[in-house]
Amino acid sequence: MTDRRSFLKQLGVGALGLSVLPSVAMSSMSEHKNALFFDISLAQWSLHKTIFAKRLDNLDFPKTAAETFGIHAVEYVNQFFKDKAKDNGYLTDLLRRATDHGVKNVLIMVDGEGPLGSTDDNERIKAVENHYKWVEAAKFLGCHAIRVNAAGKGTPEEVKDAAIDGLGRLSEFGAKHGINVIVENHGGISSHGDWLAAVLKGVNKPNCGSLPDFGNFYEYDRYQGVTELMPFAKGVSAKANVFDANGDEANIDYRRMLRIVKDAGYRGYIGIEYEGKELSEEDGIKATKRLLERIGAELS
């Protein structure tokens, strides 16, 4: 696979471009940037209905983020280009389109590649190896991370030990490529903040961290969960479903959540992930963005 440095040379930015390109993208961001303690990215899952309906192609996602929403950082979902992880031509085209629109590729959310917390050694190692191609794709696209899941069958302690091993192995591979491996609270035992924090502490690698999602805690207290995961955070997901008349998320106290995020010292990207039904995907994304900007400005 042609590496990203070679691609950038083809664009004419060369080695200097490696350092200035992010700044170019940052300078193109919406005006909220200077007012907030975080940057806003757009999680591709926010548009999953549009993409599944083939009204938006994955290659056009960076353009849509920039032109429709004024967001210049994106988080991809691997299932929308499932067979393209090793397709050099496709990845080159995707990177070019992001670059042309001043969009920063932040991460790839990886699903369907096997349980990294499987208690079966062979299944777990196979899952680790299945993720390698996404680490390499993320590196090529200029992302800082892949988002993975800590899933497995067994008792919480059994899955914890297995996940520590699986995530540790994958993080070692990721470190060779300068890529972080970050875990989302994504259902099951992983939606218990104390359990996932213990897993990450057990992995104990600088490039293995968390992606706290505001909405995926279910029976677990969401504010406690985010608090427990923020010390490991290398990304944050701003889940939104329903908005009230004031423009606030009806079920999640964003002011409280963003205070927890800020108090943890986090200053990175917060990704919009709208999953609601009452608003269209476009309107839901815009409503979430307004909410983040409003509360973020109050806390900054």
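User: Over the ring of which residue does the charged end of R256 sit?

Analyst: This is a predicted model, in which local features need pLDDT of at least 70 and side-chain atom pairs count only at pLDDT 80 or more, while totals for chains, interfaces and linings use all residues. Residues are numbered from 1 along each chain as its sequence is written, and side-chain values use heavy atoms, with hydrogens and water left out. A charge sits over a ring if NZ of Lys or CZ of Arg is within 6 Å of the ring centre and within 35 degrees of the ring normal. The charged end of R256 lies 4.0 Å from the centre of the ring it sits over, that of Y223.

User: Which strands stand at the edges of the sheet, and why is one side of each left without a neighbour?

Analyst: Helices (H or I, at least four residues) and strands (E, at least two) are DSSP runs numbered from the N terminus, and two strands pair if DSSP finds at least two bridges between them. The open sheet has 8 strands, paired in parallel, in the order β6-β5-β4-β3-β2-β1-β8-β7. Each edge strand has a single partner, so one of its sides has no neighbour in the sheet; these are β6 (208–211) and β7 (236–240).

User: What is the average twist from one strand to the next, and at what angle does helix α8 run to β6?

Analyst: Axes are lines fitted to C-alpha atoms, for helices over the stretch in contact (heavy atoms within 4.5 Å), and angles run from 0 to 180 degrees between N-to-C directions. The twist averages 30°. Helix α8 (residues 193–203) lies across β5 (180–184) and β6, and its angle to β6 is about 160°.

User: Which residue of β8 is the bridge partner of I40, and which residue of β2 is that of L42?

Analyst: Strand β1 (residues 39–43) is joined to β8 (residues 269–274) by 4 bridges and to β2 by 2 bridges, parallel in orientation. The partner of I40 in β8 is I270. In β2, L42 is bridged to V74.

User: How many residues of β2 are buried, and how many of β3?

Analyst: Buried means under 20% relative accessible area, exposed over 50% and partly exposed in between, with a 1.4 Å probe and protein chains only. A73, E75 and V77 point one way from β2, V74 and Y76 the other, and all are buried. β2 (residues 73–77) and β3 pair in parallel over 5 bridges, with Y76 opposite I108. The buried counts are 5 of 5 for β2 and, for β3 (residues 104–109), 5 of 6.

User: Why is the pair of F214 and Y254 edge-to-face?

Analyst: F214 lies in the loop between β6 and α9 (222–229) and Y254 in helix α10 (residues 254–263), 40 residues apart. F214 is buried at 0% relative accessibility, and Y254 is buried at 3%. The ring centres are 5.4 Å apart, and the pair is edge-to-face because the planes stand at 85°.

User: How many disulfides are counted?

Analyst: A disulfide is taken as a pair of cysteine sulfur atoms within 2.5 Å. C143 is buried, with a relative accessible area of 7%, and C208 is buried at 6%. The disulfide count is 0.

How values were computed. Phe/Tyr/Trp six-rings, centres within 6.5 Å; stacked < 30°, edge-to-face > 60°.
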